[in-house]
Amino acid sequence: MSLSRPDRRRTRVAAITAALVMTLPAAAVPARAVSVPSPMAVAAAPDGLDREALAASLDAVRAAGMYGVMASVRDGGQEWLGATGVADVDTGRPMRPRLQHRVGSVTKAFTAVAVLQQVAEDRIDLDAPIARYLPETVPGERGRAITVRMLLDHTSGIGDYVLGAFPSLARNSAKSLDDHRFRHIGPGELVRIGLGAAPTGRPGEKWSYSNTNYVIAGMLLQKVTGEDPEAYITRNVIRKAGLRDTYFPRSAHVLGPHPKMYESYYGLVDPPRDYSVYDMSWAGTAAALVSTTSDLNAFYRKLLRGRLLPAAQLHQMQTTVPVPGEQGGTAMRYGLGLYALDLPCGRVWGHDGAVFGAGTAVLSSADGTRQMSFSHNLMKYQKIACDGTLEPNPIDGAFDAFYLQALCGTSTGARSGKPLAPPAPLPRTKDLAAAMAPRR
């Protein structure tokens with residue numbers, strides 16, 4: 001059966017919105033937005049951080065349309081903290097460094113570390129079928145074919161649950177976002193929805209991003225430890241890393257000072273609405289964490305320096321599969337809860353994340369010396385073209401330039417105060433099962 005043009009567009013939009021996507025916002029920003037340096041910043045060394053260039057690059061993101069953004073950039077013992085734009089559109093409250101934020105799928109790295117800790121204890125075998133541990137959760141031949149590793153590197157072929165959990169999104173309606181704001185949905189129900197979605201491939205065949213994988217990983221943790229997985233991750237990963245502002249929310253509220261978090265949903269929510277108060281049970285061990293940019297840098301620094309996992313398990317975490325690019329080839333490589341990008345200044349490791357109204361990214365050099373993390377508070381700003389693809393937006397290029405300034409720029413190489421121009425759009429993961437497919 002062939003589809004009419006409107007039907008084809010609706011189908012592609014549903015694929016694009018199959019779950020949450022790490023996208024960057026576009027909307028007019030009040031002129032009162034400011035850039036805020038760190039009050040505890042250390043003076044830049046000649047080959048260290050160019051604070052002027054970092055502030056200019058971050059301000060360019062605001063000027064391109066971001067409501068508000070905060071960032072932390074580290075080089076060795078130096079840290080630059082910056083913020084620009086607004087944390088509250090109605091009051092004009094400025095964005096500030098160190099605010100707490102929902103970090104979405106950056107959570108997956110924490111969950112993967114917890115699973116790998118159990119691998120190190122010989123309680124989980126990465127290459128064992130998930131049916132060995134959870135035969136009733138993933139039953140039949142599927143459970144016997146999908147391994148723990150396939151869950152963690154997104155090669156299981158299991159579909160994403162988000163469209164099923166928020167069904168109005170498939171009808172180009174945001175009604176589900178509001179109707180389910182305070183709904184609690186358990187991991188078993190999320191997995192049931194994900195397993196009921198169309199498979200994205202045969203087990204082990206190819207990479208295809210799915211939040212369902214990491215909800216199953218949380219259930220696996222509970223099975224082998226006998227503990228609530230969020231409690232286990234809190235004690236054995238978050239506290240072990242010494243993080244003070246990172247936690248799984250136990251209510252719909254962010255506990256500490258935080259920005260409001262605005263969702264546009266590609267113009268479907270107009271004007272964008274604040275979704276900072278939200279029951280995050282729908283995200284669980286896949287995407288529910290709250291954190292700060294400084295905490296995320298500290299987590300990745302300790303992870304990559306071997307403080308959270310034995311060397312053998314860290315090696316497994318950094319064993320990757322290719323992620324296909326939109327125009328063919330390989331866009332990046334995905335490991336177990338983290339991915340690798342090759343920039344002009346070398347390979348970096350990290351993850352990005354998105355929930356309704358909030359986006360985050362963190363990237364780190366392989367030795368944890370040079371790091372960047374940022375969070376922003378307006379999501380899915382793009383417009384959708386007639387063919388169902390996302391139209392380019394200036395905010396994308398501005399963020400790419402900030403990536404490169406933060407990770408590759410130096411005070412000797414970027415004295416102009418202008419952001420470095422990226423050679424091409426930098427790849428990002430998508431917090432939805434099929435986001436890349438419509439655009440390949």
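This is a predicted model: local features need pLDDT of at least 70, side-chain atom pairs count only at pLDDT 80 or more; totals for chains, interfaces and linings use all residues.
**Aromatic rings**

A pair of aromatic rings is described by the distance of the centres and the angle of the planes. Across the whole structure, a search finds 16 aromatic pairs. One of them joins Tyr275 and Phe356, whose ring centres are 6.4 Å apart and whose planes meet at 50°, so the pair is tilted. Tyr275 belongs to the loop between strand S5 (273-274) and helix H11 (284-287), while Phe356 belongs to the loop between strand S10 (346-355) and strand S11 (358-365).

The relative accessible area of Phe356 is 2%, and Tyr278 is buried with a value of 1%. Residues count as buried when this area is under 20%.

Which residues form one aromatic cluster? They are Phe166, Tyr275, Tyr278, Trp282 and Phe356. At Phe166, the charged end of Arg183 sits over the ring, 5.3 Å from its centre.

**Two packed helices**

Two packed helices are described by the angle between their axes and the distance between the axes. Helix H9 (residues 211-225) packs against helix H10 (residues 229-238) at an angle of about 80°, and the axes are 8 Å apart. The angle makes H9 roughly perpendicular to H10, because values of 65 to 115 degrees fall in that class. On the side of H9, the contact is made by Gly218, Leu221, Gln222 and Thr225; on the side of H10, by Pro229, Tyr232 and Ile233. By type, the residues of this contact are four nonpolar, three polar and no charged.

Asn297 is part of helix H12 (residues 293-304). Apart from neighbours within four places in sequence, Asn297 is in contact with Ser72, Val73, Arg74, Val362, Gln371, Met372 and Ser373.

Leu308 is in the loop between H12 and helix H13 (311-317). Residues up to four places away in sequence aside, Leu308 touches Val113, Gln117, Val237, Lys240, Ala241, Phe299, Lys302 and Leu303. Its C-alpha atom is 8.7 Å from that of Asn236, although Leu308 and Asn236 are 72 residues apart along the chain.

The table gives the accessibility of these residues and of two discussed below.

| Residue | Relative accessible area | Class |
|---|---|---|
| Asn297 | 0% | buried |
| Leu308 | 1% | buried |
| Tyr265 | 3% | buried |
| Asn172 | 27% | partly exposed |

**Backbone features**

Most residues other than glycine have a negative phi, and most peptide bonds are trans. Where is Asn172 placed? Asn172 is in the loop between helix H6 (162-165) and helix H7 (175-179), and its phi is positive, near 60°. Tyr265, in the loop between S4 and S5, also has a positive phi, near 50°. Pro271 is found in the loop between strand S4 (262-263) and S5. The peptide bond that leads from Asp270 to Pro271 is cis, with omega near 5°.

Note on methods
Residues are numbered from 1 along each chain as its sequence is written. Side-chain values use heavy atoms; hydrogens and water are left out. Rings of Phe, Tyr and Trp (its six-membered ring) pair if their centres lie within 6.5 Å; planes under 30 degrees apart count as stacked, over 60 as edge-to-face and the rest as tilted. Helices (H or I, at least four residues) and strands (E, at least two) are DSSP runs, numbered from the N terminus. Buried means under 20% relative accessible area, exposed over 50%, partly exposed in between (1.4 Å probe, protein chains only). A charge sits over a ring if NZ of Lys or CZ of Arg is within 6 Å of the ring centre and within 35 degrees of the ring normal. Contact means heavy atoms within 4.5 Å. Axes are lines fitted to C-alpha atoms, for helices over the stretch in contact, and angles run from 0 to 180 degrees between N-to-C directions. Angles under 35 degrees count as roughly parallel, over 145 as roughly antiparallel, 65 to 115 as roughly perpendicular and the rest as oblique. Ala, Val, Leu, Ile, Met, Phe, Trp, Tyr, Cys and Pro count as nonpolar, Asp, Glu, Lys and Arg as charged, and the others, Gly among them, as polar.
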